[in-house]
Protein chains: 2
Amino acid sequence: MPRALRRCACCHMGMDGAARIEDLVTTLQAQYGERCTINHDVRDRHGRGESWHPSAAPDVVVFPHTTEEVSSIVSLCAASGTPIIPFGAGTSLEGQVQALHGGVCIDLSQMNAIVAVNAEDMDCVIQPGVMRADLNAQLRDTGLFFPIDPGAECTIGGMVATRASGTNAVRYGTMRENVLGLTVVMADGSIIKTGGRARKSAAGYDLTRLFVGSEGTLGIVTDITLRLHGIPEATAAAVVAFPSIDAAVETVIEVIQVGVPIARIELMDDVSIDAVNRYSALTLPVAPTLFLEFHGSPASVKEQAETVEALATEHGSASFSWSDKAEDRSELWQARHNAYYAGLALKADSIGLVTDVCVPISRLAECIRETKTDLAQCPMPAPLLGHVGDGNFHVCFIMDKDAPDQVEEAERLHGRMVARALAMGGTCTGEHGIGMGKRTHLVDEAGDGVAVMALIKNALDPANILNPGKIFEVDEPES
Amino acid sequence: MPRALRRCACCHMGMDGAARIEDLVTTLQAQYGERCTINHDVRDRHGRGESWHPSAAPDVVVFPHTTEEVSSIVSLCAASGTPIIPFGAGTSLEGQVQALHGGVCIDLSQMNAIVAVNAEDMDCVIQPGVMRADLNAQLRDTGLFFPIDPGAECTIGGMVATRASGTNAVRYGTMRENVLGLTVVMADGSIIKTGGRARKSAAGYDLTRLFVGSEGTLGIVTDITLRLHGIPEATAAAVVAFPSIDAAVETVIEVIQVGVPIARIELMDDVSIDAVNRYSALTLPVAPTLFLEFHGSPASVKEQAETVEALATEHGSASFSWSDKAEDRSELWQARHNAYYAGLALKADSIGLVTDVCVPISRLAECIRETKTDLAQCPMPAPLLGHVGDGNFHVCFIMDKDAPDQVEEAERLHGRMVARALAMGGTCTGEHGIGMGKRTHLVDEAGDGVAVMALIKNALDPANILNPGKIFEVDEPES
């Protein structure tokens, strides 16, 4: 079976193609007026995410308001063989939004309505442009919340596309577990609905889970039914410093293995703590640290916290600092969420290369230990932090802009991290996705599974117009 | 896009085809000896599940021992365009194992090894022929268990194929949430691995979830990595009778809505209770009844139980009967598991047509009320029971064998149940799958989504040799 997809439609276009793009832009401008732009700055902003990958601007950006408008734009692109790149907030880390072959960027940020909140069923229906934080602000009065919280100010549509997770996944799962159904515009402009509002179903293939994590390569999501969760009756949070990173990780492993239903258990190494102290004006002791949160009834939270405190103490935790007030907790988690930006701020004019391995919990200590040994010689700042309850952690290589030797060294160390994780039964990406940045790592990880993915991609998007060059390499034109 | 698949390969075969099957059987017999049989009784037993669907025997049954043997058998079938039907324990309810177009039944029951138990990561790797109960017996010393428990004595491979759930799904999820990875033999005999042992991954398309629930139509699963759960520190179970089914269902809805992390909450109506009393020699009051189970720490179990008892009392529950001993609990749940067989035993020489709708919890009371009104005129026993915490319930129509008018009437009432569930945002099947029995219901539910499923099926199995006629209708030969 073929590993790569055939060439992108646009590469066949030649001069004719350029004329066709011009025609398409004229048509879109006539239909969408100010909601269609070829402005250089807007296109440039839509051609990059938040990491080091070189930007690649689309030819035009359109801002639809409805599923039908998305369908109409896709039909026009299908007729002219034009690439389509769906766009949310532009916060992706693996080059998911770069218009590698030009084409039409469909910016979904104006499709940001909360369509329905079904509090009694603990679900809601939203458009893809809704921002994560806005959703939770809107939900507050219902006693419900949506737990998935990547570090960026991102759209829920983008989170569907990358199968995002975040700090709460250890308790509440990832987008995989929390999307109930989708409306999707397919490559030919047809519209389908997947899933529904029932909590489970055995009705045919699980299309919902197929589109979650497909990074805009199989269809464009235009509405989303999400599972919500009750805001816990009681919450407690704590920050715990350890004498060594090993002691912190061993504590995490034991907490998971004894089955504490912990809501959040996040690791930051000394470099990360130093960075957030500077960025968020905190005064945390500069040491390997766990950020913890417990959710449940008052009795259950107390019980969980006592169990974890006992385990941490056995591993020599120096201090167990509780945050009783909601404001303190909020400040703490905001600092944790800003860790990537705090890392970037360690150096002026820097860009980040963020790794994202995830391993079985029993291998986590060994994996982090070997990674830290590798990093000892690293010539740039490389804070390590992560969602260690899931076995997932990141090293953020903080590189100078325009320093190819630093990119090369970071990629070398990244490659060693991925090889290590795969050898331990893990994955090259826990939550950031493949994009353009991890295509070869995907082949190393999934082997012939990539050929099966390519068969599905070819079946649903035979002209390869949906976000071409992402997840899969595109074959070079034959000479 | 096409709704149905093109004709099954076998239908093109004609006389030539019969000769080819004979050649294939000769080859398989030479290779597998006693593990390959054309014995009439064995073939007959492999051509039916546990419900009313007419049986259809395969031409030959083979019992492979390894992934490589499955791959070799599939390659032979692919070369000769012969249908393949994977088989576990033959307990499916929607005609999933019927050899509608003849062919080779691959019986996986002898691939029943537990390959690895990784207690520290709470996962295990098993072959598909492992029986659910045997897995839990083997796990006991590890302090872990696998919670998914359909009513039948089935194989884990069969549970993967139908995306099974059971009584624990309200707390622990279904097969969708509890399968981490798979080894799959594809239609051309190639072997892929999906997923891994990491708790989460964003690496490409979610092939694991695509194969879970695909009913043997996309590939044959030859090993399975399962997520395991800790045996709870404390467990309590209770049986609660109610003055009306409405009162029971309203209690369930409130228990779910206030967020009690209940492990099991099962409804049986008076007809079901009467049936299990007779079948399992119990003396439960003949009334609408909830079977409950609580898992957690001692404090948490106590807290959960008190909350639920208070809610039940508000709804007029007559008695709250606790089962403190493990043997009592085991007897209780065994009786619940045997409910389908208890229903069949209500009438001599009976067969069952089992419905399987699932709706959002807020619509459950209304859905059950309208269903019971419909059943009032039903001319055959029709016990109602279900996994009501998920919004999922079954009516089992207990029909005389060879009574087409009863099948017709049961199908009519079933059709009304499905239409009602779909109108409420629900599904035609919570856990039994589509098979041959719900193919038209799937079209009603998924609409153009079925066309997308068919594109995937065509891409991965272009000759339609994998379990043809299941999930999708096969077009009739053109005249």
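**Where the chains meet**

Modeller: Happy to! In this predicted model, 73 residues of chain A are in contact with 73 residues of chain B.

Colleague: Which helix gives the most to the side of chain A that touches chain B?

Modeller: Several elements of chain A each supply at least two residues to that side, among them strand E9 (191-195), helix H11 (298-314), helix H16 (439-446) and helix H17 (449-460). The one that gives the most supplies 9 residues, and it is H17(A).

Colleague: By class, how many residues on the side of chain A that touches chain B are charged?

Modeller: Let's go class by class. That side of chain A has 28 nonpolar and 29 polar residues. The remaining class, the charged residues, numbers 16.

**A helix at the contact**

Colleague: How far does H17(A) reach from its first C-alpha to its last?

Modeller: Start with the length in residues: H17(A) has 12. At 1.5 Å a residue, the expected span is 16 Å. The reach in the model is close to that, at 17 Å.

Colleague: What do the buried residues of H17(A) pack against in chain B?

Modeller: First, the buried residues of H17(A) include Val450(A), Met453(A), Ile456(A) and Leu460(A). Within chain A, the buried residues of this helix pack against H16. In chain B, they pack against strand E9 (191-195), helix H8 (207-211) and helix H17 (449-460).

**Domains of chain A**

Colleague: How many residues does domain 4 of chain A give to the contact with domain 1 of chain A?

Modeller: Chain A is divided into four stretches of the fold: domain 1 (9-109 + 442-460), domain 2 (114-230), domain 3 (235-346) and domain 4 (348-441). The centres of domain 1 and domain 4 of chain A, taken over C-alpha atoms, are 28 Å apart. The contact takes 14 residues from domain 1 of chain A, and from domain 4 of chain A it takes 20 residues.

Colleague: What is the bridge partner of Phe87(A) in E4(A)?

Modeller: Two strands of chain A pair with E4(A). Strand E2 (residues 60-62) runs parallel to it over 3 bridges, and Val60(A) there is partnered with Val104(A). Strand E3 (residues 84-87) also pairs in the parallel sense, over 4 bridges. In E4(A), the partner of Phe87(A) is Asp107(A).

Colleague: And in chain B, which residue of E4(B) is the bridge partner of Ile85(B)?

Modeller: Strand E3 (residues 84-87) of chain B pairs with E4(B) in the parallel sense over 4 bridges. Strand E2 (residues 60-62) of chain B pairs with E4(B) as well, over 3 bridges, and Val61(B) stands opposite Cys105(B). The partner of Ile85(B) is Cys105(B).

**One last residue**

Colleague: Why is Glu370(B) called partly exposed?

Modeller: Glu370(B) is found in helix H14 (residues 364-375) of chain B. A residue is buried at 20 or more other C-beta atoms within 10 Å and exposed at 12 or fewer. Glu370(B) is partly exposed because the number of other C-beta atoms within 10 Å is 14.

Note on methods. Residues are numbered from 1 along each chain as its sequence is written. Chains are lettered from A and ligands numbered from 1 in the order in which they are written. This is a predicted model: local features need pLDDT of at least 70, side-chain atom pairs count only at pLDDT 80 or more; totals for chains, interfaces and linings use all residues. Two residues are in contact if their C-beta atoms, placed from the backbone, lie within 7 Å. Ala, Val, Leu, Ile, Met, Phe, Trp, Tyr, Cys and Pro count as nonpolar, Asp, Glu, Lys and Arg as charged, and the others, Gly among them, as polar. The expected span of a helix is 1.5 Å times one less than its number of residues. Two strands pair if DSSP finds at least two bridges between them. Domain bounds come from an automatic or database domain assignment.
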